[in-house]
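Subject: Structure handover

Hello,

I am passing a structure on to you, with notes on what was found in it. Please look through the sequence and the model before reading the notes.

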Amino acid sequence: MINESSDTARDAMKAIRKRLSQNAGKDNQVIMYTLTVLETCVKNCGKAFHVLVAQKDFIQELIKLIGPKNDPPAVMQEKVLSL
């Protein structure tokens with residue numbers, strides 16, 4: 001579905017961002033699952049999704065996830081850094 005158009009890619013990215021921001025510092029398991037979905041989408045989707053993932057503001061959000069404010073476990077830090 002994500003590869004159908006740039007609108008669906010944008011909607012998918014919006015949903016991933018929402019899930020990450022709502023659970024930051026709260027539910028680390030949901031964040032890990034969301035990062036796994038993000039990784040799967042990057043591996044299987046086209047250029048429209050890759051452009052959205054590579055935007056500076058999205059990368060800044062990922063960096064905020066592993067900041068000291070949220071106190072993430074080492075596994076989550078490694079996952080974000082590997083992405």
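The notes below go through confidence, the helices, the cysteines and the salt bridges.

This is a predicted model, in which local features need pLDDT of at least 70 and side-chain atom pairs count only at pLDDT 80 or more, while totals for chains, interfaces and linings use all residues. Residues are numbered from 1 along each chain as its sequence is written, and side-chain values use heavy atoms, with hydrogens and water left out.

Confidence

The protein chain has an average pLDDT (the predictor's confidence in each residue, from 0 to 100) of 87, and 100% of the residues score at least 70. Confidence in the chain is highest in α2, with a mean of 90, and lowest in α5, with a mean of 85.

Helix α1

Helices here are DSSP runs of H or I with at least four residues, numbered from the N terminus. Helix α1 covers residues 6-23. Its 18 residues reach 26 Å from the first C-alpha to the last, close to the 26 Å expected at 1.5 Å a residue; the expected span is 1.5 Å times one less than the number of residues.

The buried residues of α1 are A9, A12, M13, I16, L20 and N23. Buried means under 20% relative accessible area, exposed means over 50%, and partly exposed is in between (1.4 Å probe, protein chains only). Seen down the axis of α1, the buried residues fall within an arc of 115°, so they line one face of the helix; the arc is that of the directions from the helix axis to the C-beta atoms. D11, K14, K18 and S21 are exposed on the face turned away from the buried side. The buried residues of α1 pack against α2, α3 and α4.

N23 has a relative accessibility of 14% and so counts as buried. Apart from neighbours within four places in sequence, N23 is in contact (heavy atoms within 4.5 Å) with V30 and I31. Just after α1, G25 takes a positive phi of about 80°.

Helix α2

Helix α2 covers residues 28-44. The 17 residues of α2 should span 24 Å at 1.5 Å a residue, and the end C-alpha atoms are 24 Å apart, which agrees. Buried in α2 are V30, I31, M32, T34, L35, L38 and C41. These buried residues pack against α1, α3 (47-53), α4 (56-65) and α5 (74-82).

T34 is buried, at 7% relative accessibility. Not counting residues up to four places away in sequence, T34 touches I16, R19 and L20.

Helix α5

M76, K79 and V80 are the buried residues of α5. Seen down the axis of α5, they fall within an arc of 95°, so they line one face of the helix. On the other side of α5, E78, L81 and S82 are exposed. The buried residues of α5 pack against α2 and α4.

Cysteines

A search of the whole structure finds zero disulfides (pairs of cysteine sulfur atoms within 2.5 Å). For C41, the closest cysteine sulfur is in C45, 4.8 Å away, which is too far for a bond. C41 is buried at 12% relative accessibility, and C45 is buried with a relative accessible area of 13%.

Salt bridges

The structure holds five salt bridges, a salt bridge being a side-chain nitrogen of Lys or Arg within 4 Å of a carboxyl oxygen of Asp or Glu. One of them joins the side chains of D7 and R10, at 2.9 Å from N to O. D7 and R10 are three residues apart in helix α1, so they are separated by about one helical turn. D7 is partly exposed at 45% relative accessibility, and R10 is partly exposed at 45%.

Another joins D57 and R17, at 3.0 Å from N to O. Because D57 lies in helix α4 and R17 in helix α1, the pair ties together parts that are 40 residues apart in sequence. D57 is partly exposed, with a relative accessible area of 41%.

E39 and K79 also form a salt bridge, with their closest N and O atoms 2.7 Å apart. E39 is in helix α2 and K79 in helix α5, so this pair ties together parts that are 40 residues apart in sequence. E39 is partly exposed at 23% relative accessibility, whereas K79 is buried with a relative accessible area of 17%. Salt bridges that share partners join R17, D57 and E61 into one network.

Regards

Technical notes:
Helices (H or I, at least four residues) and strands (E, at least two) are DSSP runs, numbered from the N terminus.
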